[in-house]
Amino acid sequence: MSTTQAEQGTELEHERNDGWSIDDRCLNCNIARQLAPSMIAYKEGGEYGGLSTVIRQPETEADVEKMYLAAHACPTRSIHPPADRWDADSDPYPKALDEESVVLLCGHASPQTYGATSYLVRRPDGTAMMIDTPRWRPALARRYEARVGKVTDVLITHLDHGAHARTYADAFGARLWIHEGDLHSLPSADHIIRGTEPVEIGPGVMAHHFPGHTAGSTLFIADEKYCFTGDAFFWSNSQATLEVAHSVVYQSIRTLAESVARGAEELTFEWVLPGHGDLHHLPADEMRKRMRGLGRRAATYPEEEIDYGAVRY
C-alpha cells in the first residue's frame, strides 16, 4: 500500500470514528443527495464512481434520521455512521412519502438496478403494489407486507429495474408486469403490457407506454396523482424543473422527447416519483406546464453516447 493510500485509509477510519462518512464505492445514484440534501452533496472534482461526500455532520435528531434514511437506502452501503454503529431501530423503511401514506419508499436500493428507488403504493382494499424492486432479502419482503398488506402486483418501469422482480413476485404471490418492448430482459413476467394504449393494472392504477429511454419504458400513474417514471424523467434540483437523463438513453432521445410532449397533454399527476433523480410535488396544472417545457427542451437534445458520469441531478 502506498503512503497516500495509507493516509487515505487512516483518514477514512478517523472520519468513521468521529462522524458520518461515505466510502469510495459511491455509484452516483443520487439517493443520498436526495434524502439528506443539506448534509450530502457532490464531491467537487471527483471522478464518476465516487461523487458524493458528507459536507456537514448532523446537528439535530431530524438530521440523524435523514442520514439513516440515506444510509439504509444506499445500494453500496457506502454511508457510515460514527464508528459504524447501527442501532437496531435505525432502519425507517418502508417510509411514507407524505401524510396520506398512500406511497412508501422501499429504501434498500440494489446495486443490480444501479441504485434505483423503488416504491410501494397502497390501494383502498388494503393491498399494495410494488413499483420497481429494492435489493432482495426475504426479511425485507416480510417487512413490506407487514406494513402495507398483501402485495398483489410488481410493476417494472423498464428493463434495468427488474433485477429482483421475479423473486419478489414469487415471494408475494404477485403478478409481474412489464411492457413487451422490454420483455427480453424479464421473460418470466406473467403479465405483459402490449401496444401503446393505456392499460389498467388495477382500480386507480394505469400503465402508460412511454418509449425513449428504452423501447418498453412505462409510466405507472396511481389515482391521477402519483407518477412512477422509472428513468424516463425526473425532478432536477440543479435545474429546478423536470429533466431527462439525455446522456443515458438506450433507444432514442427523439422518441423520448415525443413521449414527453405527448404525455404533457394526456397525463395528469402531481408527484413525479423517479428511479433516479429527485422526487417532487406540484399542482397538476403546474406539472403539466413543466412537462410541456421539458418536451420542448428535449426535442433540441442531440443523440449522445451513453455516459453515466455526465448525468447531473
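Glycine 212 is buried in this predicted model, with a relative accessibility of 0%. Setting aside residues up to four places away in sequence, glycine 212 touches Val249, Tyr250, Gln251, Ser252, Thr255 and Leu256.

Serine 110 belongs to the loop between strand E6 (103-105) and strand E7 (119-122). Its relative accessible area comes out at 1%, so serine 110 is buried as well. The side chain of serine 110 has polar partners to look at. With the side chain of histidine 164 it makes a polar contact of 2.7 Å. A polar atom of the serine 110 side chain also lies 3.0 Å from the backbone nitrogen of glutamine 112.

Moving on to helix packing, H6 (residues 253-266) and H7 (residues 284-298) have axes 8 Å apart and an angle of about 155° between them. An angle over 145 degrees counts as roughly antiparallel, and H6 and H7 are therefore placed in that class. Their crossing is left-handed. On the H6 side, the contact is built from Ile253, Ala257, Val260, Ala261, Gly263, Ala264, Glu265 and Glu266, and these meet Arg288, Met291, Arg292, Leu294, Gly295 and Ala298 of H7. Sorted by class, the contact of H6 with H7 holds eight nonpolar, two polar and four charged residues.

Then there is the pair H4 (residues 138-148) and H5 (residues 165-172), which pack at about 55° with their axes 10 Å apart. That angle makes H4 oblique to H5. H4 passes H5 in a right-handed crossing. From H4 come Leu140, Ala141, Tyr144 and Glu145, and what they meet in H5 is Tyr168, Ala171 and Phe172. The class breakdown for the contact of H4 with H5 is six nonpolar residues, one charged and no polar ones.

Key: Residues numbered from 1 in each chain as written. Predicted model: local features only at pLDDT ≥ 70, side-chain atom pairs only at ≥ 80, totals over all residues. Heavy atoms only, no water. Axes fitted to C-alpha atoms, helices over the stretch in contact; angles between N-to-C directions. Helix = DSSP H or I, 4+ residues; strand = E, 2+ residues; numbered from the N terminus. Parallel < 35°, antiparallel > 145°, perpendicular 65-115°, else oblique. Left-handed = near helix turned anticlockwise from the far one by under 90°. Contact = heavy atoms within 4.5 Å. Nonpolar A, V, L, I, M, F, W, Y, C, P; charged D, E, K, R; others polar. Buried < 20%, exposed > 50% of the residue type's maximum accessible area, 1.4 Å probe, protein only. Polar contact = N/O pair within 3.5 Å; in protein donor to acceptor, adjacent residues only side chain to side chain.
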